[in-house]
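The exercises below are to be worked with the sequence and the structure at hand. Each task is followed by its solution.

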Amino acid sequence: MIGLWNRSLTARFVAIMLLALALSQGISFLLFLDERGQALIKAAKTEFLSRSASVAQLLETTPPALQDDILSASATGYTRFWVSRDFPSDVSAWRHDALHRLAEPLPTVASLAGLPTVASTTPAPLPPPATAGIDSAQPTWTEMPPHAWPLSRPAKFLYLGEDNGMGLAVQLKDGSWLNTAFAKKLVNSMWTTQSIISLAVTAVILSICAAFIARGMTRPMRRLAVAAEALGRGESVTPLPESGPDDIRQTAVAFNLMQARLQRFVEDRTRMLAAIGHDLRTPITSLRLRTEFVTDDETREKMLSTLDELRAMTEATLAFSRDQATEEVTRNVNLTALVESLCDDLVELGHDVTCLDAPKIGYRCRADALKRAVRNLVENAVRYGERARVSLRSGAAAIEIVVEDDGPGIETESIERVFAPFFRLENSRNRETGGIGLGLSIARNIVRHHGGDVTLANTGGGLCAIISLPHAEVPAEGKGAPKPARTVGLPLGKRSPA
């Protein structure tokens with residue numbers, strides 16, 4: 001349940017709506033509970049007074065011989081009637097008499113008709129549950145005016161205590177007194193079957209509405225998350241629709257502007273880098289021509305070597321800029337087959353490269369660029385570590401391409417420095433023993449452009465280079481997949497991990 005709460009905004013929205021419903025119903029229950037109880041007591045009192053008035057009128061209009069039968073027939077499970085010659089001034093004695101009469105079982109139909117009854121078939125008397133609630137506190141008679149009950153004559157009324165116990169004494173025309181005792185425990189509960197069904201239906205309707213609203217809110221957010229992930233991996237995505245509520249629309253507008261500005265910034269920096277590399281060709285050529293006129297052979301050779309190195313660096317920069325500005329479609333590839341084919345090509349060129357068996361791993365990437373990054377690492381391993389062992393593994397967090405060699409490794413303080421452009425550990429600056437110094441920088445730039453990173457670690461018997469690539473969502477064809485677009489690289493050394 002906690003995991004669903006953390007993962008799903010819809011679940012949170014539904015839970016909050018149901019909590020609001022429960023709180024509102026609870027507050028309403030507390031507010032109206034007393035009011036409902038008072039209404040039940042009032043209704044019971046009205047019924048009690050009405051029945052007592054009816055019995056009094058019936059006794060006054062019938063022969064005295066039928067009085068006992070009328071009193072027995074009028075009794076209910078929670079009401080008893082009897083007649084006394086005098087007014088029951090002793091409230092305590094009257095109360096105990098009422099308690100005794102309420103505890104007696106109701107007469108059967110046969111006994112009312114004067115027929116003989118069989119003792120074995122007469123049910124055992126059960127004490128009415130209401131009698132247990134009569135309070136032991138001493139009540140008193142109060143005068144009930146004629147306008148307060150159905151008859152025109154006054155009556156004496158008292159409350160017996162808990163369980164809504166009531167007593168009434170009204171004087172009949174012959175001077176006798178009709179006594180009435182009432183005790184009934186009223187069920188003051190709002191949780192009836194009807195209320196529970198109504199609450200359940202309301203909760204279901206609210207849950208459906210909340211889920212519908214939450215899905216409408218999260219759909220643009222999911223679309224934004226997919227687009228941001230694709231943009232972070234170097235893909236150019238279709239601009240998000242700028243519609244919906246103001247908050248959603250403003251977020252889509254901000255994302256579209258950010259994407260356009262990033263693309264414009266990257267393109268400008270790449271063009272600037274290419275222009276600088278191109279413009280350096282002319283002064284390099286001019287310096288080379290002038291160097292030819294230097295008479296000192298040793299000085300001339302050193303100057304020519306430096307110019308050749310500068311020219312090679314310029315050519316590498318231009319090649320890098322051209323590669324980064326080249327259009328390449330992001331597509332789904334078999335990453336295992338891509339790495340294995342690269343290793344086979346290097347083996348055919350005479351390099352000592354071994355590719356360990358790995359299961360098929362599908363990945364969405366720019367295949368040519370990623371292949372170049374892997375090639376740079378493998379060639380470095382062969383050049384400086386004699387041989388390369390390449391393996392692939394797919395973990396829960398990322399896909400890793402591991403390149404190991406048997407070389408001397410790299411000093412710990414230099415592990416990050418080797419990724420800087422044109423940085424070389426080999427100090428002779430000889431291109432035969434060391435490259436230009438762009439291989440690792442280009443490899444990390446490409447991998448980071450895919451949302452991953454390249455890390456180096458000493459193994460004790462060589463160096464291990466690891467390409468970590470995040471698992472990429474593979475969108476279904478025709479269902480919002482990022483459109484194929486031109487891939488533009490960031491300047492060297494300025495790309496930070498996605």
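**Exercise 1.** Which residues in α7 are buried?

*Solution.* The model is a predicted one. In α7, the buried residues are A252, F255, N256, Q259, V266, T270 and G277. The helix itself runs over residues 246-279 and has 34 residues. From its first C-alpha to its last it reaches 49 Å, close to the 50 Å expected at 1.5 Å a residue.

**Exercise 2.** Classify the ring pair formed by W94 and W141, and state which parts of the chain the pair ties together.

*Solution.* Step 1: a pair of aromatic rings is described by the distance of the centres and the angle of the planes. Step 2: for W94 and W141 the centres are 5.1 Å apart and the planes stand at 70°. Step 3: planes over 60 degrees apart count as edge-to-face, so the W94 and W141 pair is edge-to-face. Step 4: W94 belongs to helix α4 (residues 91-103), whereas W141 is in the loop between α5 (109-113) and β2 (142-144), so the pair ties together parts that are 47 residues apart in sequence. Both W94 and W141 are buried.

The structure holds 7 aromatic pairs. W94 and W141 also belong to one aromatic cluster with W82, F87 and W177. Over the ring of F87 sits the charged end of K156, 5.8 Å from the ring centre.

**Exercise 3.** Describe the largest nonpolar core and the surroundings of L456.

*Solution.* Step 1: the largest nonpolar core has 43 residues, and V378, I401, L456 and L469 have the most contacts inside it. Step 2: the elements giving two or more residues to this core include α10 (335-348), α11, β9 and β11 (453-458). The most comes from α11, with 9 residues. Step 3: leaving aside neighbours within four places in sequence, L456 is in contact with I410, I415, V418, F419, L440, L463, C464 and A465. One of these contacts, F419, has R444 over its face, at 3.6 Å from the ring centre.

A second, separate core has 21 residues, among them F48, L151, V170 and F182.

**Exercise 4.** What is the value of phi at E386, and is the residue buried or exposed?

*Solution.* Step 1: most residues other than glycine have a negative phi. Step 2: phi of E386 is near 75°, a positive value. Step 3: E386 lies in the loop between α11 (367-385) and β9 (388-394). Step 4: the relative accessibility of E386 is 56%, so the residue counts as exposed.

Terms used:
Residues are numbered from 1 along each chain as its sequence is written. This is a predicted model: local features need pLDDT of at least 70, side-chain atom pairs count only at pLDDT 80 or more; totals for chains, interfaces and linings use all residues. Side-chain values use heavy atoms; hydrogens and water are left out. Rings of Phe, Tyr and Trp (its six-membered ring) pair if their centres lie within 6.5 Å; planes under 30 degrees apart count as stacked, over 60 as edge-to-face and the rest as tilted. Helices (H or I, at least four residues) and strands (E, at least two) are DSSP runs, numbered from the N terminus. Buried means under 20% relative accessible area, exposed over 50%, partly exposed in between (1.4 Å probe, protein chains only). A charge sits over a ring if NZ of Lys or CZ of Arg is within 6 Å of the ring centre and within 35 degrees of the ring normal. A nonpolar core is a set of buried Ala, Val, Leu, Ile, Met, Phe, Trp, Tyr and Cys residues joined through side-chain atoms within 4.5 Å. Contact means heavy atoms within 4.5 Å. The expected span of a helix is 1.5 Å times one less than its number of residues.
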